Structure formats: C-alpha cells, structure tokens
Amino acid sequence: IANDIVLNVNGIEVIYNHVILVLKGVSLQVPQGRIVAILGGNGAGKTTTLRAVSNLLQGERGNVTKGSIELRGERIENLSPADLVQRGVVQVMEGRHCFAHLTIEENLLTGGYTLKSKAEVAVNLEKVYNYFPRLKTRRTSQAAYTSGGEQQMCAIGRALMASPSMVLLDEPSMGLAPQIVEEVFNIVKDLNQKEKVTFLLAEQNTNMALKYADYGYIMESGRVVMDGAARDLANNEDVKEFYLGVG
Ligand code: ATP
C-alpha cells in the first residue's frame with residue numbers, strides 16, 4: 001500500500017445486534033489530502049462504514065466482526081472516538097447534531113475541547129469564521145433558530161475546531177436546498193485545498209459528490225460494487241443510469 005494512504009479499510013464486516021450482517025466485506029482507501037466519497041442509496045451501508053471507522057457503532061449495538069481498519073498503519077478498531085480525535089480524525093454525524101439550546105459560537109467551542117490553550121481556541125474559531133462567514137453573523141443565535149444549512153456548517157465548523165487532519169462527513173447535503181449544498185461543498189473543497197484536510201464523506205447525492213470528490217466508492221447492500229476516479233464514475237454509463245438519474 002502506498003505510504004500516502006491515511007485510512008485503509010480492509011474487508012470489514014459489521015453485524016448489528018449479533019445477527020444482522022450489514023457490511024459484507026468492505027474495503028476502501030483514503031489517500032492523504034483527498035476527498036473520497038462513499039456513494040449509494042438509502043441503507044447501502046455508507047453510514048455504517050463511517051461509524052465503523054470512527055468507532056461509533058457500539059452505541060448502536062454494532063460490531064466489526066471481520067477485517068481491519070488502519071490509520072497511517074496503526075490498527076484503530078479498538079480505539080475510542082476520543083482516541084481518534086487525538087489522532088486527528090473527527091466525524092460529523094448525519095442529521096448534524098448541533099446542540100439546539102446553545103448558540104452557534106458555544107457549539108463551535110465544544111469542538112475545541114482537546115486544544116491545549118485558549119489562544120489556540122481563539123485562532124481556530126477565527127479560522128472557522130473565516131471559512132463560514134455565515135456562522136460569524138449568526139454567532140449569538142441559538143442553533144435551534146438557525147437554518148438547516150447553518151446547522152450543517154456549524155457541525156462542520158465544530159469538527160474543524162479540533163484541528164483535524166481528516167474529517168468523516170455523513171450526508172452533508174441531507175435536507176438542504178441545492179444552492180446551500182453547493183455552498184457547503186465549496187467550503188469543503190476550500191478546506192481540502194487550503195488546510196489540507198482529508199475528507200471521507202458519505203453521500204446519496206451522487207451528482208454533487210462526484211463534482212467535488214477525487215475518488216468514489218459506490219455501495220449497494222453492504223458491498224462496494226464499483227470504485228474509481230470521480231470523473232470516470234461521473235462519465236460511466238451504468239453510474240449515469242442508476243445513480244445520476246440520466247438515462
Ligand atoms: P442512510 O443514507 O439511510 O444512512 P446508509 O447507506 O448510510 O443509508 P446504513 O445507515 O449504514 O446505510 O444502514 C445499512 C443497513 O444497516 C440498513 O439496512 C439499516 O437498516 C441497517 N441498520 C443501520 N443501523 C442499524 C442498527 N442500529 N440496528 C440494526 N440495523 C441497522
């Protein structure tokens with residue numbers, strides 16, 4: 001494996017509640033500094049794959065029962081989500097999960113708990129506001145009263161507060177108007193290029209994801225059925241027919 005691979009998921013199987021096999025041997029690789037997309041319909045296993053990486057399955061009574069997950073060569077299946085944050089990997093969950101009763105700024109500050117100094121927190125907060133000017137104007141608003149797009153930005157901004165090298169992003173487009181989706185993806189691309197943040201994202205919006213990602217993995221029923229450079233996938237006839245809604 002090339003040494004620029006940050007994340008190497010190798011043949012993982014995931015079982016929920018000891019009986020339901022939902023990932024049936026998933027392998028994927030994320031190179032340093034890239035945007036990699038996991039694509040596929042509802043229930044294909046995208047979220048489960050991200051949760052396996054960030055070790056958030058336990059709460060859902062899920063377990064990785066086969067295969068391995070390596071971060072820069074280190075096995076991480078048994079690390080806690082907090083251990084992963086320490087190693088620079090942060091997950092932004094589907095549905096955004098901002099603290100509704102906290103302001104945007106308070107939400108962002110919760111993401112900086114691993115930072116060592118107040119100065120570092122202040123620097124990162126400014127950086128987040130720089131990428132998300134909308135959040136700056138809404139800094140004193142309670143998250144509950146902000147728009148879906150602002151909440152998604154808040155969730156990504158909160159993850160960025162930890163100075164991650166890699167962000168796992170679950171369905172960033174969910175429930176957002178196309179124009180807002182575009183705005184969010186543009187910022188993701190910007191963060192990728194300027195801050196060198198590596199992204200692994202799960203998306204049902206194949207069209208949008210392939211426009212911004214470098215590489216894609218298409219999942220169906222717990223398996224990767226196709227993978228390739230984003231441009232190749234976007235031009236592939238099968239992908240067009242089944243996932244892009246173009247006959
Ligand atoms: P979505 O876009 O709906 O999140 P997905 O591709 O991310 O889809 P997963 O959420 O990973 O798919 O779900 C994969 C399969 O696992 C589905 O069949 C789902 O019903 C099942 N599943 C998910 N979570 C659990 C759980 N906690 N217990 C049992 N089965 C689950």
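Predicted model: local features only at pLDDT ≥ 70, side-chain atom pairs only at ≥ 80, totals over all residues.
## Aromatic Pairs

How many aromatic pairs does the structure contain? The count comes to two. In one of them, the ring centres of F185 and Y212 are 5.2 Å apart and the ring planes meet at 25 degrees; because planes under 30 degrees apart count as stacked, this pair is stacked. F185 belongs to helix 7 and Y212 to helix 8 (residues 206-212), so the pair ties together parts that are 27 residues apart in sequence. F185 has a relative accessibility of 3% and so counts as buried. Y212, at 8%, is buried as well.

The pair formed by Y215 and Y217 is tilted, with 5.3 Å from centre to centre and 55 degrees between the planes.

## The Ligand and Its Shell

For N42, a polar side-chain atom lies 2.4 Å from a ligand oxygen. For T48, an N or O atom of the side chain is 2.4 Å from an oxygen atom of the ligand. For E171, a polar side-chain atom lies 3.2 Å from a ligand oxygen. Taken alone, the ligand exposes 630 Å², and the protein buries 70% of that area.

E171 is located in the loop between strand 7 (166-170) and helix 7. With a relative accessibility of 5%, E171 counts as buried.

H18 also has a positive phi although it is not glycine, with a value near 65 degrees. This residue is found in the loop between strand 1 (5-16) and strand 2. Is H18 buried or exposed? Its relative accessibility is 65%, and since exposed means over 50%, H18 counts as exposed.

## N192 in Helix 7

N192 is part of helix 7 (residues 178-194). Its relative accessibility is 6%, so N192 counts as buried. Leaving out residues up to four places away in sequence, N192 touches G33, R34, I35, V197 and F199. With G33 there is also a polar approach: a polar atom of the N192 side chain lies 3.0 Å from the backbone oxygen of G33.

## R134 in Helix 5

R134 lies in helix 5 (residues 133-137). At 28% relative accessibility, R134 counts as partly exposed. Apart from neighbours within four places in sequence, R134 is in contact with S147, E150, M153, I180 and E183. What kind of contact does the side chain of R134 make with the side chain of E183? It is a polar contact, at 2.8 Å.

R134 and V14 are 120 residues apart along the chain, and their C-alpha atoms are separated by 38 Å.

## L168 in Strand 7

L168 is found in strand 7. Its relative accessible area is 0%, and because buried means under 20%, L168 is buried. Not counting residues up to four places away in sequence, L168 touches L50, V53, S54, V89, V90, Q91, V92 and L200. L168 and L79 are 89 residues apart in sequence, and the C-alpha atoms of these two residues are 16 Å apart in space.

Methods:
Residues numbered from 1 in each chain as written. Heavy atoms only, no water. Polar contact = N/O pair within 3.5 Å; in protein donor to acceptor, adjacent residues only side chain to side chain. Areas by Shrake-Rupley, 256 points an atom, 1.4 Å probe, with all protein chains shown as cover. Helix = DSSP H or I, 4+ residues; strand = E, 2+ residues; numbered from the N terminus. Buried < 20%, exposed > 50% of the residue type's maximum accessible area, 1.4 Å probe, protein only. Contact = heavy atoms within 4.5 Å. Phe/Tyr/Trp six-rings, centres within 6.5 Å; stacked < 30°, edge-to-face > 60°.
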